[in-house]
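Open the model in your viewer and colour it by chain. The stops below say what to select and what is found there.

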Amino acid sequence: MITTFNPDLKPFEELAISFAAKELSKSVEEHDRYPFGPFFSEVLDKAYEVGLLGITLPENFGGIGQGISTLCTVLDHIAQVDSSLGGIILTNAISQEIMTSGDGELAKNVFADAASSSSFLVAFPSFSNPGQTANMPAAERSGKDFTLKGRLEFLVLGNIASSALIPGRLSGTDGYSFFLVDLSDTGAKKSEPIFTLGLHACPAVDVDLDGVKSRLIGAEGGGEALFEAASNKLHTAAAAMSAGIMKGSLGEALAYAKERSQGGREIINWSEMRMILANMAVKTKVADLCVAQACRAIEANVQDWGHFSMSSALHVHELSCELVNDGVQALGGNGYMKDYGQEKRYRDARQVQAFLGAAPLKKLCLIKEMIG
Amino acid sequence: MLSRSEVKSKISRYPEFEDAALSLHYARRMPKAMLKETQEVVAIARKFNDEVGRPLALALDRKTHEDPNFFPWELVKKANEWGFYTMWVPKLFGGKGYNMPSLSYFVEEIGSVCLGIANVICVHYLGIAGLMMAGNARVVKKVMKEVAEGERTGNPCIIALAITEPTAGTDVEEIDLEDKGKITCHAKKVKDGYIVNGSKIFISMGHLSKWTVLYAYTDLKKSSESTVIMMVKEGMKGFTIGTHENKMGQRICPASVLTFEECFIPDELVMLEPSSVKKFTDQKVRDIKMRHIDYIVSITRPAVGSFGTSAARGAFEAALKYANETEMDGKLMINSEWVQCMLAEMYKNVRLGRLAYTEANYANQHRGVYNLLQMKPIYYMLKYLPKAYFDTVMFPLLDTRLATWLLSKWYLDWQKPKDQHCCTGLGSLAKFSCTDIGVRNCQMALELMGQTGLRHENGVEKILRDAKLLQIYEGTNQLNRLNLFKSLIAPAFPKARVFEE
């Protein structure tokens with residue numbers, strides 16, 4: 001839908017479709033075995049080479065300098081096939097957004113000078129809103145820099161990225177701040193990869209920091225403002241992943257329904273199956289429209305675009321979590337097996353819903369902003 | 001106000017009041033000792049959860065991801081040691097004879113900790129239902145004897161049920177679809193038995209079962225009239241157990257592919273075949289087949305309802321624990337109104353689920369498969385007569401033709417269609433409503449818990465994966481909705497047709 005509104009983005013759409021077909025589609029189940037199977041490092045390297053890890057990062061920072069519409073187009077098509085890579089792209093986009101807003105010079109140094117996918121990745125706790133997290137590391141000033149001490153849970157990309165953007169509380173300051181941490185520091189102890197519901201190949205770890213040297217990003221106590229600015233926009237990117245999952249699920253359900261027989265005819269010719277597919281189609285189309293219009297609202301800088309972005313995302317995530325259930329159901333017992341794609345989408349959709357914080361807390365944030 | 005005949009006339013009108021409020025009518029008929037027995041069952045389940053279930057559940061699930069060929073042998077041995085594989089086997093057949101409805105509450109307890117463990121224990125009773133409902137006392141006696149021996153010797157004897165085929169899932173659970181389906185498991189009559197060729201899929205505990213209740217068909221185009229139900233034992237020539245299905249959830253309980261290649265099954269293991277139907281009834285073979293299936297699913301679907309309720313409960317308990325321990329904006333989440341409303345909604349789902357499967361149990365207790373065992377004189381006789389009486393007096397009688405005739409007559413011929421509709425319809429109602437709320441509560445728990453819920457070690461994500469299967473097996477929830485319509489709504493509307501659009 002986005003490229004219908006903006007045909008200039010077709011090349012990016014084609015790139016995402018072709019990348020997903022070539023690099024992802026044949027090994028989805030194999031990639032999903034992580035952390036009990038190998039990580040898809042080669043795929044990640046290729047994603048880095050073609051620019052998928054820096055879609056919204058300015059060109060002079062080493063990115064491809066595109067807007068939210070391009071990011072959403074790519075995430076949609078990647079998530080139709082395997083949303084784990086989408087999770088990596090999105091998490092890195094959050095880090096990039098916060099870093100470029102908070103300290104452009106430093107961001108330029110980190111990303112423009114990156115020599116590999118791992119140094120281009122900046123880990124981030126992308127399944128939470130740090131402002132709603134009770135526990136985070138404590139920061140202390142140490143000359144020009146700072147040191148961090150304490151535990152941070154669920155640091156996404158923490159075991160594959162060279163550095164991390166970590167929220168910390170600075171004594172004597174209200175709120176929290178963001179700090180850039182070198183994850184190879186001996187004081188940074190990472191857990192084994194967390195075994196999660198979905199997005200298995202978008203890994204996360206818990207990290208214990210013991211006096212780890214770090215650089216402040218943005219103003220002291222300015223973490224919340226940086227997170228809000230980034231998340232307001234990137235809620236829509238998470239929604240694009242959900243929309244992609246929905247399209248993938250609908251596509252597989254339709255294909256199966258045309259082939260599988262029951263009671264002597266294809267199941268697509270039973271009216272209840274048609275109703276299930278119709279409900280899936282309605283949700284998918286609405287999600288597509290929501291994401292496209294939210295992108296337009298963001299790029300046109302319309303009043304309260306952040307509210308549109310967050311509301312669309314919350315709605316699309318809910319639709320997605322409902323739809324993937326039907327997606328499995330349409331395939332019956334086969335839908336529950338890892339030989340098909342539906343069970344992964346069933347898991348991934350819930351995980352994607354949790355990007356940038358728990359759904360009810362995001363709703364409370366929205367209404368808090370609206371009522372002032 | 002109204003005369004007695006007026007009252008009778010009004011309450012007999014559709015929807016008949018007795019059908020609509022079974023518990024109100026039947027609770028008083030229940031033997032009092034059943035309640036104490038059920039309380040004991042719940043207590044045993046809680047003790048098992050404390051000592052075995054909770055310490056093992058997540059570790060075993062993780063193990064299945066690390067090693068796709070993992071089988072829960074140790075867990076099966078534990079369940080066997082705890083006596084779970086004979087607990088609901090009637091005393092007549094060498095079991096402990098706990099009342100069957102109490103199995104639902106047991107399932108809910110065990111399943112609230114781990115649906116996979118609950119299935120490892122309880123899918124055995126799906127096999128037993130298939131065995132019993134075929135009505136052949138001689139074969140039931142033979143197999144049940146091994147189950148009891150397996151418990152005594154520490155060598156578990158589990159029974160699986162094999163109906164689903166690679167190209168026929170829903171079709172083989174509904175007689176109106178069966179003959180149009182792509183059924184492939186063929187039984188050819190030969191001297192002294194049958195030769196079976198074909199395969200079965202998604203067979204829970206297939207790899208760990210000693211005996212399997214097998215459905216094969218002499219005429220694949222008219223399977224509804226040519227079904228042969230027989231027992232097949234592990235290791236029989238031509239019977240192999242192949243792949244271990246790679247499922248999303250309930251991974252502790254393996255689902256197996258069974259293959260039959262020129263597998264000879266002797267007559268002595270054949271329980272029901274078209275020619276044997278004529279020995280106890282004038283009804284059509286097709287109708288008896290549907291009755292047999294209905295009898296099984298009338299038991300198993302409320303049981304899946306209790307699985308669904310257990311998923312709803314597990315998710316609720318995890319969300320409650322989280323809300324009770326987690327602070328947001330400096331106060332415990334449990335003290336926020338929106339959290340309290342969410343938890344209340346989840347609690348409501350659990351209670352409504354329990355009511356749904358309880359109502360279905362009442363139907364089975366008084367209008368269906370359990371009615372004989374729950375009649376007070378028979379219930380108390382079975383409960384209090386010494387085991388020796390069963391072993392010496394009753395057990396030998398099971399080999400007689402009269403015993404098989406009586407069992408077949410009782411189970412497959414005498415139930416009135418109206419009662420059959422009530423049991424199967426309420427079974428379906430419990431199945432789809434409880435399993436839907438199971439998944440619903442998991443979704444709510446995950447939303448509440450955010451990233452904490454996504455982590456394997458916190459359990460909720462596993463319940464979400466496990467619970468989804470409940471909406472699929474024992475007939476998809478769509479088939480169960482149609483079965484409810486067919487059984488509880490369509491009989492009052494003669495123009496209504498099901499599976500004929």
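Select chain A and colour it by domain: domain 1 covers 2-120, domain 2 covers 122-222 and domain 3 covers 224-371, with bounds from an automatic or database domain assignment. The model is predicted, with local features needing pLDDT of at least 70 and side-chain atom pairs counting only at pLDDT 80 or more, while totals for chains, interfaces and linings use all residues. Residues are numbered from 1 along each chain as its sequence is written, and chains are lettered from A and ligands numbered from 1 in the order in which they are written.

Next, show domain 1 and domain 3 of chain A, whose C-alpha centres are 20 Å apart. Here 26 residues of domain 1 are in contact with 28 residues of domain 3 (C-beta atoms, placed from the backbone, within 7 Å). On the domain 1 side, the elements giving two or more residues are helix 1 (2-5), helix 3 (28-31), helix 5 (68-81) and helix 6 (83-102) of chain A. Helices are DSSP runs of H or I, at least four residues, numbered from the N terminus. Pick out helix 5 of chain A, which supplies the largest share, eleven residues. By class, this side of domain 1 has 14 nonpolar, eight polar and four charged residues (Ala, Val, Leu, Ile, Met, Phe, Trp, Tyr, Cys and Pro are nonpolar, Asp, Glu, Lys and Arg charged, and the others, Gly among them, polar).

Now move to chain B and select helix 6 (residues 102-113) and helix 7 (residues 115-133), whose axes come within 7 Å and cross at roughly 155°. Helix 6 of chain B is therefore roughly antiparallel to helix 7 of chain B (angles over 145 degrees, on a scale from 0 to 180 degrees between N-to-C directions, with axes fitted to C-alpha atoms over the stretch in contact). Show side chains where they meet: B:Leu103, B:Val107, B:Ile110, B:Gly111 and B:Val113 in helix 6 face residues of helix 7 including B:Leu115, B:Ile121 and B:Tyr125.

How values were computed:
Contact = placed C-beta atoms within 7 Å. Parallel < 35°, antiparallel > 145°, perpendicular 65-115°, else oblique.
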